[in-house]
Amino acid sequence: MNNPIARFLIRQRRRSAAMAMGALHDPVALSRLELHRLAVRAFDRDPAAAHAFPVERIRSLTATGRAGEALDFARTLAPRPQHDLALSFSAFDPGLALTKYAGPDASLRAALMLAAGREDDARRALDTASGPQAAFLRASLDRHDPARAAPAWREGFAAWSLSPPEPVDPALPVSVTNARADASPVVDGPLISVIMPSRNASRWVAGAVRSVLDQSWRNLEFLFVDDASTDDNAERALAAADGDPRFVLIRQSQRGGAYTARNAALARAKGHWVAVQDSDEWAHPDRLARQVAEMRARKLTAHSGRSLRVDAEGEIHARGVWPLTRWAPSTLMFERAPVLQRAGYFHQVLSGADNEYWWRLVQLFGPRRAAISRTPLILGAWRADSLTGAKDSGFGSGGFNLDRLIYWERWSFWHARNLRTPAALRLEPGDQPFRSPKKIVL
């Protein structure tokens, strides 16, 4: 069952090649590809692999809703110095995860303590912690005193030589609706098309719109797509734009979801680059300039960065427990002409298509032409009713979503089937090259 070639290809981000080279017969490779349903079945057939690779088994068990079994298995394991064991089930039992971490990272230890309800212990652990993750934990802990939290925000963003987000209203904590930052000097260059789909986001949309229009990269067109909102979403966006001629409102007469909205704007885009952003996100004013600089330096076709998810009270949330910065597909930027020529448009479903599109670009242009930066480029709104925050979304603590798992599997197999026929991966709006789960079909 061990397939070192497939595992090597996965490390190289060559997913489809790994599947073609035998990953489907290796439970560890299946888990690392996030094909968790298949991985669980393979581990069930191969107990030796389950004990040799406990982290992969635990991740796949929790992803498929078998958290109780995963925790029972975790209790039998010895602590280890690496992060991976503790993080594999930290969202389900942070106290147990704390007992299984024997490494030196004080910020991880503090995050586990905090998640287990041991705030005083977490604060003491952070006294000896350094680095941006520790700084963001301090900012989150001190959120009710914005002045006290400010040095932690500065320390966290200083790791990437970025100005920190500060509260617009100094009496309230930093959040998507209460953030500003100093921009670098104005940058000039080719046109960037920024696409923002939005539906019923009136609570957040003003801050999101201003964060785009206040970018240090000034030459942009802002294609804002209102997806048949039933609130005053479009009116608030227009008010926030305040007559800026770069702002273009596109109204959809029927709800089509975020990816249908993105495609409507992408068909009208004229920029050399295209960037996407969600309407419940605040972008750092240097976001676009940073991405362009990195794309030029590394000759990239596609680029994305990371985010911090912050709730209305200023608390920073992780996908599980730690780290607090996570990859954000909503920071995608790409060269418009070559991407439209080879990849085409987003797959039009209700959720999950940003991951599919990213991996489609990696496959079509190669892993050296599509890079993920470690830089936090946005603050995203953490909310219980969002696709990322809901317990059954596969992102919130303790939840999983069978439909998302199935969708991930189906696009993965579609990519793999077309490893040698890349032209078949190009989509026009509305194309449905494989059968998606009913709950996410338009």
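The points below go from the whole protein to single elements and residues.

1. Basis and overall build. This is a predicted model, and the comments should be read as comments on a prediction. The protein contains 20 helices and 9 strands. Its radius of gyration is 22 Å, close to the 22 Å that the globule rule gives for 442 residues, so the protein is as compact as a globular protein of that length. Along the principal axes, the C-alpha trace spans about 65 × 55 × 45 Å.

2. Burial, surface and contacts. Of the 442 residues, 58% count as buried. The accessible surface comes to about 18500 Å², and carbon and sulfur atoms account for 50% of that area. Among contacts between residues at least 6 apart in sequence, 66% join residues at least 24 apart.

3. The cores. Nonpolar side chains tend to be buried together in soluble globular proteins. Here the largest nonpolar core has 53 residues. Ile58, Phe89, Phe136, Trp153, Leu308 and Leu379 have the most contacts inside this core. Which helix gives the most to this core? Helix α10 (residues 106–115) does, with 6 residues. A second, separate core has 50 residues, including Ile250, Trp359, Tyr407 and Trp414.

4. Helix α6. Why can α6 (residues 54–63) be called largely enclosed by the rest of the structure? The reason is that 9 of its 10 residues are buried. The buried set consists of Pro54, Val55, Glu56, Arg57, Ile58, Ser60, Leu61, Thr62 and Ala63; it therefore includes Glu56 and Arg57 as well as Ile58 and Leu61, with buried meaning under 20% relative accessible area. Ile58 is also listed among the residues with the most contacts inside the largest core. The buried residues of α6 pack against α3 (27–32), α4 (36–45), α5 (47–52), α7 (67–75), α8 (84–89) and α20 (402–417). Just after the helix, Gly65 takes a positive phi of about 85°.

5. Strand β6 and its partners. In β6 (residues 302–310), 9 of 9 residues are buried. With β8 (residues 325–335), β6 pairs in the antiparallel sense over 6 bridges, and Gly305 stands opposite Ala328 there. The pairing of β6 with β9 (residues 370–381) is parallel and runs over 8 bridges. The pairing with β7 (residues 316–317) is antiparallel, over 2 bridges. Arg309 has Gly380 as its bridge partner in β9 and stands opposite His317 in β7. β6 and β7 form a hairpin with 5 residues between them; Gly314, in the turn, has a positive phi of about 90°.

6. Leu308. What does Leu308 touch, leaving out residues up to four places away in sequence? Its contacts are Phe136, Trp153, Phe157, Ile316, Leu324, Thr325, Ile378, Leu379 and Gly380. Phe136, Trp153 and Leu379 are, like Leu308, listed among the residues with the most contacts inside the largest core.

7. Ser90. This residue lies in the loop between α8 and α9 (94–99). Is Ser90 buried or exposed? Ser90 is buried, with a relative accessible area of 2%, and the cut-off for burial is under 20%. Leaving aside neighbours within four places in sequence, Ser90 is in contact with Ala97, Leu112, Gly320 and Val321.

How values were computed:
Residues are numbered from 1 along each chain as its sequence is written. This is a predicted model: local features need pLDDT of at least 70, side-chain atom pairs count only at pLDDT 80 or more; totals for chains, interfaces and linings use all residues. Side-chain values use heavy atoms; hydrogens and water are left out. Buried means under 20% relative accessible area, exposed over 50%, partly exposed in between (1.4 Å probe, protein chains only). Helices (H or I, at least four residues) and strands (E, at least two) are DSSP runs, numbered from the N terminus. Contact means heavy atoms within 4.5 Å. A nonpolar core is a set of buried Ala, Val, Leu, Ile, Met, Phe, Trp, Tyr and Cys residues joined through side-chain atoms within 4.5 Å. Two strands pair if DSSP finds at least two bridges between them. The radius of gyration is taken over C-alpha atoms; the globule rule is 2.2 Å times the number of residues to the power 0.38. Accessible areas come from the Shrake-Rupley method with a 1.4 Å probe; for residues, only the protein chains shown count as cover.
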